[in-house]
Amino acid sequence: MKKLTLLFLTLFTIGYIQAQHQKSMKKKILFVVTSHDKKGSTGENTGYYLGEVSHPWEVLHKAGYEIDFVSPKGGTPPVDGFDLKDPVNKEFWENKEYKSKIDHSLTPSQVNPKDYSVIFYAGGHGAMWDFADNKELANMASTIYENGGIVAGVCHGPAGLVNIKLNNGKYLVDGKKINAFTNEEESAVQLTDVVPFLLENKLKERGAKFEKSGLWQNHVVTDQRVITGQNPQSAKSVGEAILKELNNK
């Protein structure tokens, strides 16, 4: 009888420890980066904007979260805004683990959305060509959101949000406060007639309550687990807003 009692207590203790361990394990964060490398027919190079990856990465990585990368085509995505004078860019680029991760980005079919508590769409002009119409990414984001997770984006990254639909048939951004690269900023970089659509206009068409500040001002908004930032200057603040939302869950 004593042996049975001891066995029961041992099994109970092991089960309790495993349950607590699983409870304490943090779900991962998924960064989405573009595979597109040209600005329309201009011949100019583009890709994901390095600072819009590195600055949120620094905040979330230091908080202990593991980050994976996915791109529409997988493999090594093109990079834009390559400035290693920015110490955070340099830190990310010289981190062997994460440099390898982004250079071997996953394809959407390799991702199990149930593994992630956050999906974050990094910007860079390339996102305007291959985020909005990618149904796999949209379905992935919808699943993460419907499971109680966070959907985020910065600058042109919210192009990935425009066609995300929820189980109730509504667009994710419908009725929510949303922020992204503005019409004025697109005009300032002289790409209004190059991008396939104006992000601000498209988000408004989807029912978003679009918020914005002046050119290149840091502006981030959080509404019902959707976090968006206006431009590269907002990248770190988006990372901080994601972390705050995670800590509130």
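## Strands E9 and E10

In this predicted model, Asp 223 has Val 226 of E10 as its bridge partner. Strands E9 and E10 are paired in the antiparallel sense, with 4 bridges between them. Together they form a hairpin in which 2 residues separate the strands, and Gln 224 in the turn adopts a positive phi of about 55°.

Val 226 also takes part in a second pairing, as it stands opposite Val 151. The strands E6 and E10 run parallel and are joined by 4 bridges. In a regular strand, side chains alternate between the two faces of the sheet. Both faces of E10 are covered: Val 226 and Thr 228 are buried on one side, and Ile 227 and Gly 229 are buried on the other.

Ser 54 is one of the residues of helix H2, which spans residues 50–62. Ser 54 counts as buried because its relative accessibility is 0%, below the 20% limit. Leaving aside residues up to four places away in sequence, Ser 54 touches Val 88, Asn 89 and Phe 92.

Val 111 is located in the loop between helix H4 (96–103) and strand E5 (116–121). Although it is a loop residue, Val 111 is buried, with a relative accessible area of 10%. Its contacts, not counting residues up to four places away in sequence, are Leu 30, Val 70, Leu 106, Tyr 116 and Met 140.

For the protein as a whole, 76% of the contacts between residues at least 6 apart in sequence join residues at least 24 apart.

## Salt bridges

The structure holds 11 salt bridges. In one of them, the side chains of Glu 58 and Lys 62 meet at 3.3 Å, N to O. These two residues are separated by about one helical turn because they are 4 residues apart in helix H2. Glu 58 is buried, with a relative accessible area of 14%, whereas Lys 62 counts as exposed at 59% relative accessibility.

Lys 212 meets Glu 184 in a salt bridge of 3.0 Å, N to O. This pair links distant parts of the chain, since Lys 212 lies in the loop between E8 and E9 and Glu 184 in helix H7 (residues 183–188), 28 residues apart. Lys 212 is partly exposed, with a relative accessible area of 34%, and Glu 184 is partly exposed at 42%. Lys 212 also meets Glu 200 in a salt bridge, at 2.9 Å, N to O. Glu 200 lies in helix H8 (residues 199–205), so its pairing with Lys 212 ties together parts that are 12 residues apart in sequence. Glu 200 is buried, with a relative accessible area of 1%. Elsewhere, salt bridges that share partners join Lys 28, Glu 66, Asp 68 and Lys 101 into one network.

## Surface and overall composition

Val 189, Leu 215 and Trp 216 make a nonpolar surface patch of about 230 Å². Trp 216 is found in the loop between strand E8 (209–210) and strand E9 (220–223), and counts as partly exposed at 32% relative accessibility.

The protein contains 9 helices and 10 strands. Of its 249 residues, 50% count as buried. The accessible surface of the protein comes to about 12200 Å², with 50% of this area belonging to carbon and sulfur atoms.

Notes. Residues are numbered from 1 along each chain as its sequence is written. This is a predicted model: local features need pLDDT of at least 70, side-chain atom pairs count only at pLDDT 80 or more; totals for chains, interfaces and linings use all residues. Side-chain values use heavy atoms; hydrogens and water are left out. Buried means under 20% relative accessible area, exposed over 50%, partly exposed in between (1.4 Å probe, protein chains only). Contact means heavy atoms within 4.5 Å. Patches are made of residues with over 30% relative accessible area and no salt bridge: like charges are joined within 9 Å, nonpolar side chains (Val, Leu, Ile, Met, Phe, Trp, Tyr) within 5 Å. Accessible areas come from the Shrake-Rupley method with a 1.4 Å probe; for residues, only the protein chains shown count as cover. A salt bridge is a side-chain nitrogen of Lys or Arg within 4 Å of a carboxyl oxygen of Asp or Glu. Two strands pair if DSSP finds at least two bridges between them.
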